[in-house]
Amino acid sequence: MPNDILDPRSFQRPGLHGIAEAAVESGPSTGGITTISAEARIEGAKISHCHTLHVAGRLVDVTLNEIKILEIAEGGHFEGVAKVEQMRVNGRATGTLEITGILSVGETGQVDGTIRYGRINIADGGSVTGTLQTGKAP
């Protein structure tokens, strides 16, 4: 039976084995995208220090902190506490949501809970219910 364990020393790495180093872009970094796939369900977690969090699956009883952009895809669901800079909802978001910048709700988006936002955009068909406050938290 073959050995299914890979030796990490066998992987090629930048700067070794003649592979060129990746070019460093000048200017500000845009960060990466962390995706929760449509098949995934995460319960009772804390997620932080993420540039863009794209949720196509379900996050239940989750706390988000120091997230720049939270995207809830159509069919995706977020339930919990979120402190983010921007939020784009095409699925469903419920809970205590603090958005320091823009909350954008798409045509299929549903937002419910205690919501504090800097600015809000709601497309025709989108819905927002609950306690709404504009401005930063005291």
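**Note on the salt bridges and nonpolar core**

1. Arg41 counts as partly exposed, at 48% relative accessibility. In this predicted model, its side chain meets that of Glu43 in a salt bridge, with an N to O distance of 2.6 Å. The structure holds 3 salt bridges.

2. Side chains of opposite charge can pair when their charged atoms come close. A salt bridge joins Glu85 and Lys68 at 3.3 Å, N to O. This pair links distant parts of the chain, since Glu85 belongs to strand 5 and Lys68 to strand 4, 17 residues apart. Glu85 is partly exposed, with a relative accessible area of 38%, and Lys68 is likewise partly exposed, at 31%.

3. Glu71 and Arg88 form a salt bridge whose closest N and O atoms are 2.7 Å apart. Because Glu71 lies in strand 4 and Arg88 in strand 5, the pair ties together parts 17 residues apart in sequence. Arg88 has a relative accessible area of 35% and is therefore partly exposed.

4. The largest nonpolar core comprises 25 residues, and those with the most contacts inside it are Leu53, Leu64, Leu70, Met87 and Leu97. At least two residues of this core come from each of strand 3 (46–55), strand 4 (58–72), strand 5 (77–89), strand 6 (92–105) and strand 7 (110–122). Strand 4 gives the most, with 6 residues.

5. Leaving aside residues up to four places away in sequence, Leu64 touches Ile47, Leu53, Leu70, Phe78, Val81, Ala82 and Lys83.

How values were computed
Residues numbered from 1 in each chain as written. Predicted model: local features only at pLDDT ≥ 70, side-chain atom pairs only at ≥ 80, totals over all residues. Heavy atoms only, no water. Core = buried A, V, L, I, M, F, W, Y, C linked by side-chain atoms within 4.5 Å. Buried < 20%, exposed > 50% of the residue type's maximum accessible area, 1.4 Å probe, protein only. Helix = DSSP H or I, 4+ residues; strand = E, 2+ residues; numbered from the N terminus. Contact = heavy atoms within 4.5 Å. Salt bridge = Lys/Arg side-chain N within 4 Å of Asp/Glu carboxyl O.
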